[in-house]
Amino acid sequence: MNFGFFQLARCGSMEKVIRSFKQLESEDFRILATVERGMGSYEYVPIDYITKSFPKNVSETISRLDRLHKLKLLVRWIGAYIGYRLTLSGYDILALGSLVSSNIIYAFGHRVGIGKESDVYDALTPSNERVIVKLHRLGRTSFKQVRRLRSYVHNKGGSWFFASRGSAEKEYSALQILFEAGINVPRPRGQNRHAIVMDFVEGDELYLIRKLPNPLKILNEILDNVKLSYRVGIVHSDLSEHNVIVKPDFHVVLIDWPQWLPVKHVEALRYLRRDVSNILRFFERRFGVRKDLEETMKKIL
Ligand SMILES: Nc1ncnc2c1ncn2[C@@H]1O[C@H](COP(=O)(O)OP(=O)(O)OP(=O)(O)O)[C@@H](O)[C@H]1O
Ligand SMILES: [Mg+2]
């Protein structure tokens, strides 16, 4: 597949993923997708299950499985039967492959952020626009703890993958609604499995900024966007100075929406209050701009 880096810089494990990506043929992608499907029912997908999906090419399939295993895209298990499951890199490859073949991205750049539950990279579209690929990684922070609970994880097959995919789908659906409503969020470009693609936003996260020409204006713009989000039924629920980007023109963009709640949710108001209070506290501490929480809440509601 035609896909590459536009910058080979320090991508770590993702660099390996992209290198193996370039060695793969469409048959390899089909085999990986078959293993993915099997993981809904098996801890390790039996080799027979996989070869049965390619009845005309059994020996070729077996040698491809071998190679995908060497590329660390699959884990092999040899027990009562031989079985395979995807590695995290295997899952990454499937998502990136789909985004490439649907012309959403063309090249992969360097990592721009590591969140608690995501890896964020920049990338290019086929027409050379700069975009962000956010790979959701649920369960990573408690990896060791999850490993201790091996049996639980394993009998759920690909539960981490499916949870990460759910998180990406959830964030993407919010971005679509919010962007459509004219709220300042990155334009959503596409989603596959645990990956979402959105416009790259130039600027700095609010928490990095020491001086602003007109902090009150920025605070009001953030609160206006919170209010508009509420109007379309969405509460961010993780809003803070870390999830607001201030652009060079001093307009703001709100990012990081996977944990949003619908306004009807029983906890929505509590989270809305927390979002607003995080922002108000930050502006007071950093810029000495004060607004009353209760009054602000009233205006939003
Ligand atoms: N559209 C974007 N444009 C530019 N940079 C972005 C964009 N989306 C994310 N980033 C960068 O990547 C970082 C992490 O992204 P994001 O906040 O969405 O996820 P997260 O940090 O994993 O979530 P959490 O806050 O739970 O750790 C951001 O702080 C920001 O630096
Ligand atoms: Mg964040």
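Me: How do the residues of the shell around ligand 1 divide into nonpolar, polar and charged?
Reply: The sorting goes by residue type: Ala, Val, Leu, Ile, Met, Phe, Trp, Tyr, Cys and Pro count as nonpolar, Asp, Glu, Lys and Arg as charged, and the others, Gly among them, as polar. Here the shell has eight nonpolar, five polar and five charged residues. Before we go on: this is a predicted model, where local features need pLDDT of at least 70, side-chain atom pairs count only at pLDDT 80 or more, and totals for chains, interfaces and linings use all residues. Residues are numbered from 1 along each chain as its sequence is written, while chains are lettered from A and ligands numbered from 1 in the order in which they are written.

Me: How many residues surround ligand 1, and which are the closest?
Reply: A residue is near a molecule if its C-beta atom, placed from the backbone, lies within 6 Å of it. For ligand 1 that gives 18 residues, with G113, G115, S118, V201 and D256 the closest.

Me: Which strands each supply at least two residues of that shell?
Reply: Strands are DSSP runs (E, at least two residues), numbered from the N terminus. Look at β5 (107-114), β6 (118-124) and β7 (130-136).

Me: Now β4: which strands does β4 pair with?
Reply: Two strands pair if DSSP finds at least two bridges between them. β2 (residues 45-46) pairs with β4 in the antiparallel sense over two bridges, and P46 has G83 as its partner. β3 (residues 74-78) also runs antiparallel to β4, with five bridges, and L74 partners L86. A hairpin of three residues links β3 to β4.

Note on methods. Helices (H or I, at least four residues) and strands (E, at least two) are DSSP runs, numbered from the N terminus.
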